[in-house]
Amino acid sequence: AQDFHNTYWQFAQVEVNPAFTGAFLGNLRVNAIGRNQGTGVANGSNIDMDMGRNSFDDLSIALDGSLPFGLKDTDWISLGLNISKSTAGAGGFQRNFAGLSAAYHLSMNKDQTSVFTLGVRYGSYNTSLANKVNFIDPFGLQGNGTSSDITGLNVEEASETGANDFMVGVMYTTPVGDNADLRIGISSDHLLNPRLSNGVLDTSTMIRTNPENLERRLNVFAQYYVSLTDRMVFNPTVLYMTTANGSELLVQSLFSYLFNAEKDIVLNFGIGVRPSSSMDIPLFLGADWKDWKFGLSYDTNVSGLTQANGTFGALELGVSRVISWDKKATVKPKYVCPRL
């Protein structure tokens with residue numbers, strides 16, 4: 001639950017699979033996405049000196065670029081930098097990540113339309129608590145005193161932890177007929193099952209209990225792009241993530257419409273579903289303007305969390321910029337293939 005993941009994950013692709021590093025048309029790319037979740041929870045928008053915010057606030061920034069170097073003239077390698085920060089709950093629980101990613105793109109043909117990519121990411125997590133007092137202890141409400149977990153949070157060394165982590169992934173991109181492209185991939189995060197903390201210190205016995213390891217997470221995705229008309233592209237997408245403790249499925253139906261060919265303006269919109277015990281219906285809006293890409297997603301709660309959140313699930317804002325100093329290739333189709 002504390003892993004970084006987004007609804008509009010197209011603005012944070014490397015968090016899903018490091019093989020996305022350098023998988024774009026251009027030389028350099030900057031991605032950024034912010035997420036706010038749970039503001040609708042009771043008192044979630046209140047801010048005071050004791051309790052702070054109850055919501056979840058995430059920010060991820062990524063920079064990646066490519067070099068024309070490989071075993072063949074049609075191959076290339078890519079490098080990237082990824083920084084993410086999350087602040088959650090009244091205690092200001094913070095989880096940060098900073099890491100590097102690299103990918104090798106192996107072209108399966110001379111036209112570079114079929115590409116197999118291997119990617120890896122390495123970085124460091126660290127966690128901390130901004131506020132270690134005034135927590136509501138369910139054991140205390142039941143008259144059983146203060147739990148060892150809450151007591152341990154007041155110990156400085158027990159509230160600041162970290163771990164180094166690996167993520168590996170593969171991806172395959174290929175045309176499907178004359179009017180469509182397919183991209184599929186699989187990755188494994190927390191590959192070495194690193195220990196995030198040594199557990200909570202019981203001050204009465206000075207013994208640590210419940211050490212926390214980051215469970216391996218498997219990510220699987222499929223993206224299909226097909227031209228419906230000269231101006232309209234349909235992009236159904238499926239993303240599945242699973243760990244030892246839970247799983248999540250996100251289905252997206254996204255559309256891109258060439259609004260103005262002269263000014264290179266494309267409008268993006270769509271709807272999705274996240275089926276689970278707390279089901280969400282995400283809505284997507286966005287626009288492409290030349291080398292800029294903007295996106296907005298809104299998760300609508302329809303079950304489960306509606307009693308606490310109402311219909312507000314999460315709000316995300318994303319922006320991406322591709323910088324090119326090499327001459328772009330002339331694309332013959334009208335608007336058949338998206339710029340992968």
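E316 and R35 meet through their side chains in a salt bridge, with N and O 2.5 Å apart in this predicted model. E316 belongs to strand β18 (residues 312–323) and R35 to strand β1, so the contact ties together parts of the chain that are 281 residues apart in sequence. Both partners are shielded from solvent by the 20% cut-off for buried residues: E316 has a relative accessible area of 1%, and R35 has one of 10%.

This bridge belongs to a set of nine salt bridges in the structure. Another joins R217 to D3, where the closest N and O atoms are 2.7 Å apart. Here strand β12 (residues 217–227), which holds R217, is tied to the segment before β1 (28–37), which holds D3, so the pair spans 214 residues of sequence. R217 is buried at 5% relative accessible area, and D3 is buried as well, at 14%. The two residues are also part of a network of salt bridges that links D3, R95, D189 and R217.

A further bridge connects the side chains of R274 and D299, at 3.0 Å from N to O. R274 sits in the loop between β15 (265–273) and β16 (280–289), while D299 sits in strand β17 (residues 292–301), so this pair ties together parts 25 residues apart in sequence. R274 counts as buried at 7% relative accessibility, and D299 is buried with a relative accessible area of 1%.

The aromatic side chains give a second kind of contact. A pair of aromatic rings is described by the distance of the centres and the angle of the planes. The structure contains ten aromatic pairs. In one of them, W9 and F20 lie edge-to-face, with 5.9 Å between the ring centres and 65° between the planes. Both residues are in the segment before β1, eleven residues apart. W9 is buried, with a relative accessible area of 1%, and F20 is buried at 0%.

F97 and Y125 form another pair, this one tilted, at 4.8 Å centre to centre and 50° between the planes. F97 and Y125 are both buried. Elsewhere, ring pairs join Y8, F11 and F284 into a cluster.

R95 brings the two kinds of contact together. The charged end of R95 sits over the ring of Y125, 5.0 Å from the ring centre. R95 is one of the residues in the salt-bridge network with D3, D189 and R217, and Y125 is the ring partner of F97.

Notes: Residues are numbered from 1 along each chain as its sequence is written. This is a predicted model: local features need pLDDT of at least 70, side-chain atom pairs count only at pLDDT 80 or more; totals for chains, interfaces and linings use all residues. Side-chain values use heavy atoms; hydrogens and water are left out. A salt bridge is a side-chain nitrogen of Lys or Arg within 4 Å of a carboxyl oxygen of Asp or Glu. Helices (H or I, at least four residues) and strands (E, at least two) are DSSP runs, numbered from the N terminus. Buried means under 20% relative accessible area, exposed over 50%, partly exposed in between (1.4 Å probe, protein chains only). Rings of Phe, Tyr and Trp (its six-membered ring) pair if their centres lie within 6.5 Å; planes under 30 degrees apart count as stacked, over 60 as edge-to-face and the rest as tilted. A charge sits over a ring if NZ of Lys or CZ of Arg is within 6 Å of the ring centre and within 35 degrees of the ring normal.
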